Structures are given as C-alpha cells and as structure tokens.
Amino acid sequence: MPRRFATTIALTLCTVAIVLPLVAALLIARHQSMEEAGAQASNIASAIIHRTEAVGEQSAAAYQRLTELNPSGTCSEAKRAQLRRILLDYDYVQAAGYVSGDRITCSAIGPQADGLQMGPPAYVSPKGTRVHFGVSIDGSRPFVVLSGDHYATAVHPDNLLVETPSVPGLAQGVFGRSAGKVWARDGHFDPAWLEQHGKAARAIFYDGGYLVAIQGSERFDVGAYAAIPRAYLSSRLRELALLLLPVGLALGAALVGAIVMFARQRASLPALLRAALNRQEFVLYYQPIVELGSNTIAGAEALLRWPANKQIGMRPALFVQAAADCGLTARFTEYVLARVAIDGPRFFSRYPGCYISVNLAPSDLLSGAVVEHLQRLLTTPGIGVHNIVVEVTESSFVDPASANRTIARIHALGIRVAIDDFGTGFSGLSQLTQLRADCLKIDKIFVDAIGTGSVTSEVVLHIIAMARSLKLTLISEGVETHAQAEFLRQHGVAFAQGWLFGKAQPLDELLRPAGPD
Ligand SMILES: Nc1nc2c(ncn2[C@@H]2O[C@@H]3COP(=O)(O)O[C@H]4[C@@H](O)[C@H](n5cnc6c(=O)[nH]c(N)nc65)O[C@@H]4COP(=O)(O)O[C@H]3[C@H]2O)c(=O)[nH]1
C-alpha cells in the first residue's frame, strides 16, 4: 500500500475515531435526557391525576353529606355551622352551600345576600353534576363549583395541581376529557395539546418547545398534562453531555492510540518482516491432506506461521500479503523451500509415497527464480519429484504466458502443479483450460455451500465435472463436516483437507503416532 494512501487512511480513521464517540456521547445524552424528561413528565401527570381523583372523591363525599341536610328554610347560623362541620372533614373542599337555581343561597362563609351567581355550567357530567368555573365565593379566589339541584361544593383549582420545584418552568393542568376544557392550570398551555391528545389514556409528545405528558383518569372524566420546557431539557442535556463527553473523548483517544500504534507497526512492517526472516522466526505447519476413499494421509500442505509475532497477531494471509507488498515474496518462498528441505525427509520416512504441497505467490511465477530453488530442494536426500506439489492461485495467471512458462519449467523438473482457491478470483472456467495444471483445489467457500441449497452449492458440481473432463486431480479444501466429506466422496473427489481431518500443525505433532480413538 503506498505510504501516502496509508497515511490518508490512518488520518481518516483517527478523525472517525475521535468524532464517532463524541457524536455517540451526544446522541446518548440527548436520548437519555428525553427519556428522563418523558418519565418525569409522566410521573407528574400521574401525580396530578391522583390528586384530582382525591379531590373528586372528597367533593363527592362532602356532597353526599350535604344531601343529608334539609335544604329548605333560611340561612341560619345553625345551618352554616352544619356546613362548616362537614368542611372540617375534607382537606380539599373549601366551601359548601345550598343552591337555588343557578345561585348559591347560603354557604359556610355566610348568607349570600341575594344569592351568589354561579353562572351557566361549563360542563354537565353524565350523572348531572354541573361544573362551574371561576366562581368567586368569598370575593377573592375563583373556585371550581360542583353543583346539583340543592347543594354545591367548591374546591380551589390549585388543589388539583402539584408542587414540583425540581422542574423550573413546568406547565401543568387538569382538563375535562369530553368537554376539552381546562379546569385548573399553571404556566404555559397550548389548546392544540388537548385537541390532538386530550382523549388519549396516555401520551408523550414534543410540541412547541415543551415535552408534554398526558394522563387520563380511570375514574373520572378528567385528564392531566405536565409539560417540561425546552430550557429544562437543554440544561439536563448539558449535564448529561458533560458527564458522557469525557467518556467519549477517552474512548476516542484510546481508539486513536490503537490506530497510531497499528499504523506505526504497519509502517515498520517491512523492517519487521526482514528481521523476522533473518532471525528465522517463521515456521512451517502442516495440514494433512487425506485420500477420501481410504481415509489415509496422502500429503500435507505447508503453511507459514509466525509464532513470535504475538504483539501484532497477524494472520498468515496478512503477513504473506504484507511480504508481497514490500517485495519480500521471493525470500519467503526460498525460506519455505529451505524449511521443506529440512522437514521433508522426516515426513516422508513416516509417510512414504506422500507429498508436501507448497504455496507459491504470483510473483514467483512471474520471475521464475523459484525453479532453481525447487531444483535445489530435489537434491535433498529422501525427497523425490513425486514428493512435491506446488500450489499456485488463479491470480498468478494475470500474465498467462509468463506463468505457463514457469509452470512448464516446474513440470520439466517432474513436480506437479495444483491450482489453489479456484473460483474466488476473476478467471472464468474457460481460462482453466489454458493453465497447465495437474490438480485443482476446490475452495472452502464452495465446500461450505454443500447441502445449503444455495446457488453456490451448485457450483461445486460444475467444478467437479469440469475438472474431470480436464483430467485434473481434485482436492477439496476446508472440509469441516462428515456430510461434506461424504458428498465429495460420492461425487468422485479423490482428496480433501480441512479441520475434519486435522488443522495445520507442527511437524512433530503430525509425525506422532495416532493414539487410540
Ligand atoms: N476455517 C477453516 N479454515 C481452514 C480449514 N482447512 C484449512 N483452513 C485454512 O485455509 C487456509 C488454506 O490455505 P490457502 O488457501 O493456501 O491460503 C493461505 C495462503 O494463501 C497463504 N499462505 C500460507 N502459507 C503460505 C506460504 O508458505 N506461501 C505463500 N505464498 N502463501 C502462504 O495464507 C493463506 C491462509 O493460510 P492459513 O491462515 O494457514 O489458512 C489455511 C488453512 O489453515 C477448515 O476446515 N476451516
């Protein structure tokens, strides 16, 4: 990867790593503040409804007591004393009196000279209770009066509301649900709240700079609203953001640290790989390849491992690619073949007639230098031409002429060539006919699809048919289940490797005699 491109990617990732946690912190703070405010508004609306129901119950009880009195006669002191006694029992009922027509003629406070005008009721309940608003009994505060044919009780609207010092600017109110009229309110009110949500049993919505919760009573035809102003929401958002932003910043800093560390390691990767090669830190693991018919080992694929590479933890595909990116492939291939020269004689004395397959990179086929290293490998006592297979990927054939030239030289040594990862690159099946290979390895993605009924699962049958017509030996990769192995066996695939038979392992493990199952 070019240096400038890598730097751009690292810088972009750092920006994202800083911005993303901060944005996430702000979004979480916003969500949290809305959730909290919604719960708070709902609780307040519920508290108002509880209070209103308590007031309603007391009014009804006081009214019931009034009906036990005789409404006829003058407004005597004895009558007023009876009214006062009743009021003493009910905290939320402020006045009680006798009614004639639309007037209160006698109340606990005193005789109403020519009767106190209640005005027309704003609302009449289904049971016939009339509700009058703004009635001034003692010449001061307007009351809500509930009247029947002979009696009336009065409560002050403030009794219906609750004290909420913890939410500055809170607006609250009680309203008749059928009539849509507000009985008592404090602070801002928008009639649209009731028009749109007044009949709902519960609602929470944001409107006109307020987060509004509506709660209906299950016992009376009333509802309550509590509206929390935007200013309060913003201050809570600020508080939460101040708590969460440092966490976001810390997370962002940690991510940037990790990216910088990773980028540094990547930047120094060529030097690291060279040093590791010089120190011979790379080892070969061997993954068994079995003959499906007899279930016996037919060979093993040599796969590079870098055990000392704990701090970067790079997988083989990555460091092999990194080595290719910094032009170290030829040295790696030479290294692998030198290792096979050491391991091979032990392997073949344990598994005579078997083979070791070695991965070649595309550039190996282009340069052709690998042919000399293979030639040298064949001079090792105990290693014959039939003991070595080289695996080349289809991406090696971007320049088919050069690739085929090198393959022809490898063939001339007597070494077989297998095409690896077939079907994962860009070449079509037709191109396969032009490659002079002996074996074809079916990639794991096609093996994974076996038995899934997917479109890919069909491809494996085409690959098998085509390989057969081209007389290529088939080796299946990535076999993990008995069902896959059985399917491949039934369709004539001769060889397979995969975790079902064994993972890539150190040579010593592969040479260890098999214990009892
Ligand atoms: N999930 C699963 N995986 C399975 C199973 N059976 C095998 N594998 C893994 O599949 C990969 C097969 O190797 P590859 O296709 O040649 O792909 C290789 C090859 O392209 C490259 N590589 C490894 N060693 C060398 C080498 O010495 N030279 C070159 N040029 N490339 C190498 O690195 C790639 C990855 O190697 P590994 O990580 O060793 O991963 C190996 C192997 O461990 C299975 O049943 N399930």
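At roughly what angle do the axes of helix α9 and helix α10 cross? The structure is a predicted model, in which local features need pLDDT of at least 70, side-chain atom pairs count only at pLDDT 80 or more, and totals for chains, interfaces and linings use all residues. Residues are numbered from 1 along each chain as its sequence is written, and side-chain values use heavy atoms, with hydrogens and water left out.

Select residues 370-378 (α9) and 400-413 (α10): their axes cross at roughly 10° and come within 10 Å. Axes are lines fitted to C-alpha atoms over the stretch in contact, with angles from 0 to 180 degrees between N-to-C directions; helices are DSSP runs (H or I, at least four residues) numbered from the N terminus. The pair is therefore roughly parallel (angles under 35 degrees). Display Val370, Val371, Glu372, Leu374, Gln375 and Leu378 of α9, which meet Thr406, Arg409, Ile410 and Leu413 of α10 (heavy atoms within 4.5 Å).

On the α7 side, show Thr333, Glu334, Leu337, Val340 and Ala341; on α9, their partners are Val370, His373, Leu374, Arg376 and Leu377.

- Glu480, side chain to a ligand nitrogen: 2.6 Å.
- Gln287, side chain to a ligand nitrogen: 3.0 Å.
- Asp421, side chain to a ligand oxygen: 3.2 Å.

Key:
Helices (H or I, at least four residues) and strands (E, at least two) are DSSP runs, numbered from the N terminus. Angles under 35 degrees count as roughly parallel, over 145 as roughly antiparallel, 65 to 115 as roughly perpendicular and the rest as oblique. A polar contact is a pair of N or O atoms within 3.5 Å; within protein, one must be able to donate a hydrogen and the other to accept it, and residues adjacent in sequence count only if both atoms are side-chain atoms.
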